[in-house]
Amino acid sequence: MTSKKHHSFNYDFLRLIAMTFVIAVHTIPKPFAENTIGSIAFKAILFMCNGLFYMLSGCLNLDKVFESKEDYVSFYKNKIVTILLPFILGCIFVSLYTYEGEFSFSLIANDLIYDFLSNHTYIFLWFVYPLIGMLLSTPFLSKMLHSMSDWELKLLFGIGMGWQVASIYFANNLFGVFGFSGWFLSSWVFHFFIGYFIKRIVTPNNKYKFYIFSILGFFVTVLGKYFLKDAYTNPNDLAPAHILLTMGLFILITEEININNTFFKKIVHIISSHSFSVYLVHDYVKNHIVNPLNLSGSPWIAFSKNFILTLFLSVILAIVIDTILIRPLQKIIRNILK
């Protein structure tokens, strides 16, 4: 299995940005009053975390070339160890922590399996459920995308954007219904594809076009929600304008950021390498450690205190868990799967 050399500081920094945006999204109180320009713009920026996460996943995974049975086996083994194992351990912890029934192995196991399959208990881990399907599809989608010419990729991107316009702007916003389905790049899979699309299509000569569309996407997102209010549903995440906004930030970070400070790059790399575990633990840090402290101050001060403390404690806890539990178990599983 081959791929382009892609592990760099820029991707580490992108992981760090997405991670901090996630924590900021979940931090209360927010520093702006609801439904003001500031509040809408702030949310539009923070909610790029979801799109950035899936775009980066697609950029790194769909770039791989699968040429033999061993490539498939190696890829799936790696994802079992790096994604599925920490996710299952996190789900077990949440189920046990929230379990209130009779102490019985069969009842606890049944409750755990139900929670795992339904995502009823793990709401804050929702992003892993689509990711699992995307990773299962990666080898096949990668072969298709690699065999396509650039104009075919652009056509695919255009059709995908058209689907988003029809399903969100035209159907949901105007009529409230959209009965069509079956588009294989619908929902978050489209962001997953866009990660590869950006890596393949964006060049130094055309990247400024994407920046212009990104700025336009920001204004459409903010002004549309501000003036249309409740009539402008789903302004973030899957909305076409917000997709363009997120693409701009993704390209900006991966193409323009150039930092040579070795110490800073090392710190970013260390923190970003634990970002998945930060996603898994931050909600409990926020709810059970930070929020009970009732940190006071103006909305900006209170938000900053809660955000910084949640981020700091989540990173520390993630490093500890990864060091003493996740990574030793990953090493064992890797040896078993050899």
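Reader: Where in this model does Ile 289 lie?

Author: The model is predicted, and in it Ile 289 belongs to helix α12, which spans residues 275–290.

Reader: Why is Ile 289 called partly exposed?

Author: Its relative accessibility is 42%. Buried would need a value under 20%, and exposed one over 50%. The value for Ile 289 falls in between, so Ile 289 counts as partly exposed.

Reader: Which residues does Ile 289 touch, not counting those up to four places away in sequence?

Author: Tyr 284 and Leu 313.

Reader: What makes Ser 39 count as buried?

Author: Ser 39 has 5% relative accessibility. The cut-off for buried is under 20%, therefore Ser 39 counts as buried. Ser 39 is placed in helix α2, residues 37–46. Apart from neighbours within four places in sequence, Ser 39 is in contact with Phe 32, Ala 33 and Glu 34.

Reader: How do you know that Ile 215 counts as exposed?

Author: Exposed means over 50% relative accessible area. Ile 215 is at 51%, so Ile 215 counts as exposed. Ile 215 is part of helix α9.

Reader: Which residues form the nonpolar patch on the surface?

Author: The patch is formed by Ile 37, Ile 215, Phe 219, Leu 223, Tyr 226, Phe 227 and Leu 228. Together they have about 680 Å² of accessible area.

Reader: Which helix gives the most to the nonpolar patch?

Author: Helix α9, residues 207–228, gives the most, with six residues.

Notes
Residues are numbered from 1 along each chain as its sequence is written. This is a predicted model: local features need pLDDT of at least 70, side-chain atom pairs count only at pLDDT 80 or more; totals for chains, interfaces and linings use all residues. Side-chain values use heavy atoms; hydrogens and water are left out. Patches are made of residues with over 30% relative accessible area and no salt bridge: like charges are joined within 9 Å, nonpolar side chains (Val, Leu, Ile, Met, Phe, Trp, Tyr) within 5 Å. Accessible areas come from the Shrake-Rupley method with a 1.4 Å probe; for residues, only the protein chains shown count as cover. A salt bridge is a side-chain nitrogen of Lys or Arg within 4 Å of a carboxyl oxygen of Asp or Glu. Helices (H or I, at least four residues) and strands (E, at least two) are DSSP runs, numbered from the N terminus. Buried means under 20% relative accessible area, exposed over 50%, partly exposed in between (1.4 Å probe, protein chains only). Contact means heavy atoms within 4.5 Å.
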